[in-house]
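Reader: I would like to learn how to read a sheet and the side chains around it. Where do we begin?

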Amino acid sequence: MNANANGPRYFLSYSGVSLPLRLVSPLAASELQNRNTYFRAVYDEADRLVSCEKLVYGEVELTHLYEYRADGVLSRARISMGDDEPTELLFDERGAPLRA
């Protein structure tokens, strides 16, 4: 099943500190009108998070973009905060962050 066929998914928050983010408290699109802050997420065909944006008052405040290896392990994360230069993180074959 292609998870993107129905468009993005929405969430109230996330849990944990590891990447990719674990989004929690799903929201229906109809629940967004009265929300100041929420996350908009896109998943791939394998239901892996590939794009996540934190929206605050309709503006994108934070963006996470993820890439995965063929076996499904996280290989790269690109994190942007507002207009700041993005940070790129690389991960080994187990999904552990590589040191710069």
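This is a predicted model: local features need pLDDT of at least 70, side-chain atom pairs count only at pLDDT 80 or more; totals for chains, interfaces and linings use all residues.

Reader: How many bridges join S1 and S2, and in which sense?

Author: Strands of a sheet pair through backbone hydrogen bonds, either parallel or antiparallel. Strands are DSSP runs (E, at least two residues), numbered from the N terminus. Two of them pair if DSSP finds at least two bridges between them. S1 and S2 pair over five bridges, in the antiparallel sense.

Reader: What is the strand order in the open sheet?

Author: Seven strands run S2-S1-S3-S4-S5-S6-S7, with antiparallel pairing. Strand S2 (22-27) and strand S7 (87-90) are the edges, each pairing on one side only.

Reader: Is Ser75 buried or exposed?

Author: Buried means under 20% relative accessible area, exposed over 50%, partly exposed in between (1.4 Å probe, protein chains only). Ser75 has 16% relative accessibility, so it counts as buried. Ser75 lies in strand S6 (residues 74-81). Contact means heavy atoms within 4.5 Å. Beyond its neighbours within four places in sequence, Ser75 is in contact with residues including Tyr68, Leu90 and Phe91.

Reader: Which residue lies over the face of Tyr43?

Author: A charge sits over a ring if NZ of Lys or CZ of Arg is within 6 Å of the ring centre and within 35 degrees of the ring normal. Here Arg9 lies over Tyr43, at 4.0 Å from the ring centre.

Methods: Residues are numbered from 1 along each chain as its sequence is written. Side-chain values use heavy atoms; hydrogens and water are left out. Helices (H or I, at least four residues) and strands (E, at least two) are DSSP runs, numbered from the N terminus.
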